[in-house]
Structures are given as C-alpha cells and as structure tokens.
Amino acid sequence: MQLQQSLKASKYRLVITGFCLIANVTSGCAPSAASSLDRRFWAGNKPGPNTSETTPQTNASIDAVNNSNLMNAARLNSFRPGDTWLDTEGQVINAHGGGFYVENGVYYWFGELKGQDGLARAGISLYSSTDLYNWRNEGLVLAVDKSNPDSDIAEGAIIERPKVIFNKKTQKYVMWFHLELKGQGYGSARAGVAVSDTVRGPYRFLTSFKPNNEMSRDQTLFVDDNGKAYQIAASEENQTMHINELTDDYLKPNGKFVRTFIGRSMEAPAVFKYKGRYHLIASGCTGWDPNSARQAVADNMMGPWTELDNPAQGPESDVTFRSQSTYVLEVTPGSGQFIYIGDRWNPDNLADSRYIWLPLKYDNGRFTMRWQDEWQWGQALPVTP
Ligand code: GAL
C-alpha cells in the first residue's frame, strides 16, 4: 500500500507540475460460425439458458474448445458488471486495462496480469472466447524479464493497457503497452512494443520509447479501414492527448502526430469508428479513483475532435459507474453494436479490480450507456438504424 501510494504520488506530482481462428487458421473465417452469430445478433434474440442456445454449435473445432473449457466451470450466459468474473476453469479473470482483438470468430482479451500492487510481476495475460461470456485462460503472452533487472520490462516495471493489432503487410501481431521503467514510478512515460507471428503469442519484446520523443502513458491503438494505424496516448504529463500515426509495420510512430484535448487531462482512451466517424471514450485523470467519462467525435482520426457529453447516464454516471474506460468492442465487425469495457479498480488489491461491461447506444451522433445489473449482448442494439 505504501508502495502504491508513493507510485501514485510520483505520478501525480508530475501531473501537478505540469471474431473462426480455432475453427481454421489456414483457411481463415469459417462463415457458418460467423453468420449464425450474426443472425442471432441481428434478430436481437437473447441467448437462452442452455449451452446449445448460448453458443452457436456450427463448427466442430469450436465445439471441441468449448467442451474442453467447460470441464470445471459453470457456463455463463450473461454479463454481470462488477461481479467476480470467472474463467472457464473457475479462476478469476486477471486481465486489466484490457485490449481486444477479434479473429475468425474468436475474441481475444489481452490484459494486465495484476498482483496486489501496481507493479508487473508476471506480464500480459490472454483469454479467448467465442461468446464474450465464457473466457478461457490462454496464459501469459508477454512475460516480464525476471533474469535481467536492467531490462525495460524487468520484473517490477509498470506494464499497463496492452493493445494488440494485426499488420496485414508483415503478417505480425503487434502489441503496444504503457511502460514505466522499474524503480521510476510513473516518471518514464514510455510506450513498449512487442510482436508475435501468432495471436496467442508468445510476444517478443522489441523496444520501448517515447513516441515522437513525447511522454506516453495511458494508451490505445486504432487501425482504420485503410490499414493506417494510430497510437492514442495521454501525453504532456497527462494534460494533453497525442494521436501518433504509425509506420506501415505498426512498430513505431511515423513522425506525424497531433496534440488534441489540450489541457483536458484525459486518460484511458478507447477509440472506435461508426458510420464513418471516429469516436473516443476516455476518462479524466484521478489515478485509480473513478471520474466522469469523456466522449468525443471526429471526421478524421487526426482531428479536429469535438468533445461531447459524458456517455454515462443515470445513477453513478458522474463516476462512470465506478469504472474507467479501457476499450470499446464492436460485437460483430460492422454491426454497430458496441460494448463499453472498463475497469473498476481496487487500489488496495488491484488483482481484485472488477470489469464493467455495458452496452453503448447510438443516438443522434453520440453514444450513451446506463447501468445494468445483468445483460446480454443481444440487447446492445443501437437506437437508430
Ligand atoms: C490511472 C490509469 C491507470 C493507472 C493508474 C495509476 O489514471 O488510467 O492505467 O496508471 O492511473 O494510478
């Protein structure tokens, strides 16, 4: 606790101063699985109480994975935001500050494998799912370096908010994360980059740097329809967001960047695209404590961005239902059904931080979300066509 406080103190002192892979990897998508999911999805049907209704049983390989998953744990068929969320082996899911990647009908959830405090003792974890409710632990995909205390990713560094994208040209999976070098609190403000030939890793750490020589803390990645990728990061002592265009291999910034939300102290960015416009959901800057979410929209990724109002509505919207954004996931690409994914941090025991997943509704150019004790993703229908 003392250590956490001093880490936070050092960070905020600074602030004051300034979806078919399992199905078939080689042949790509198994259309039957995807279209079955789409049909249920578009019909707005709620998943039923039994296994055969909750997961499309259209592919033998997917069935095999699901069945092997279900040896030990009860099958889930809804989201219960804030509850303890168990994986398919009955263990608490440990993937905080998560990033998501969807390929061949499988959702992948990368996250910080937290211990009690904020220091990275293990690295980045990965979970996989075909229905978004039941997640299988795929293990550690980026491990801290336990043998070299001078490594950028030495045990005891801070490794947060991993995000993974796929580069079609190089055929590599590229992971970016927020990195703070060991022993420096939140003073080094760097981005770390790792790659893998396969989505499940292991990921090979390449390097860390300050993008365009500027600070980079809370961060996310976004790949546009034309293949251009961007890193969006809290910079300038968390005062101003930077949007950094990446090189064609997605491994570093290409030098073009914009400063946006100047002086707005925005963190925890999540970027997504809908109806040709770019949307951002983020948080304010209050450490592990929750605050009001921010929302913005732009016609171009590099801006200008227009800030809108808090997407959260109703009781506890002022603290985003006690959560902080990490990702916005589109259930099926192109469907317009988006899920807000946030962390409800528990600074006394970060491993026990909970996940807040809520459906986002689109109405008149902006997104809103309301608290739900329990819900299913068939309900995440946009309000307008
Ligand atoms: C939050 C940030 C988290 C973590 C925390 C440490 O503002 O979003 O990822 O860095 O601060 O206090």
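**Ground rules.** I number residues from 1 along each chain, as its sequence is written. Since I have a prediction here, local features need pLDDT of at least 70 and side-chain atom pairs count only at pLDDT 80 or more, while totals for chains, interfaces and linings use all residues.

**Overview.** I found four helices and 21 strands in the protein chain. Both are DSSP runs numbered from the N terminus: helices are H or I with at least four residues, strands are E with at least two. Of the 385 residues, 45% are buried (20 or more other C-beta atoms within 10 Å of a residue's own, with C-beta atoms placed from the backbone).

**Ligand.** I looked up what surrounds the ligand and got eleven residues, where near means a C-beta atom, placed from the backbone, within 6 Å. The closest are Glu160, Asp218, Glu267, Ala268 and Gly287. Two or more shell residues come from each of α1 (2-16), β5 (158-167) and β13 (267-274). By type, I read six charged (Asp, Glu, Lys and Arg), three polar (the others, Gly among them) and two nonpolar (Ala, Val, Leu, Ile, Met, Phe, Trp, Tyr, Cys and Pro).

**Cis bonds.** I placed Pro202 in the loop between β7 (190-196) and β8 (204-209). Another cis bond joins Gly303 and Pro304, and Pro304 sits between β15 (294-298) and β16 (305-308), in the loop.

**Positive phi.** Asn238, not a glycine, has phi near 70°. Which loop holds Asn238? My answer is the one between β10 (229-235) and β11 (240-246). Asn238 is buried because 24 other C-beta atoms lie within 10 Å.

Technical notes:
Buried ≥ 20, exposed ≤ 12 C-beta atoms within 10 Å, placed from the backbone.
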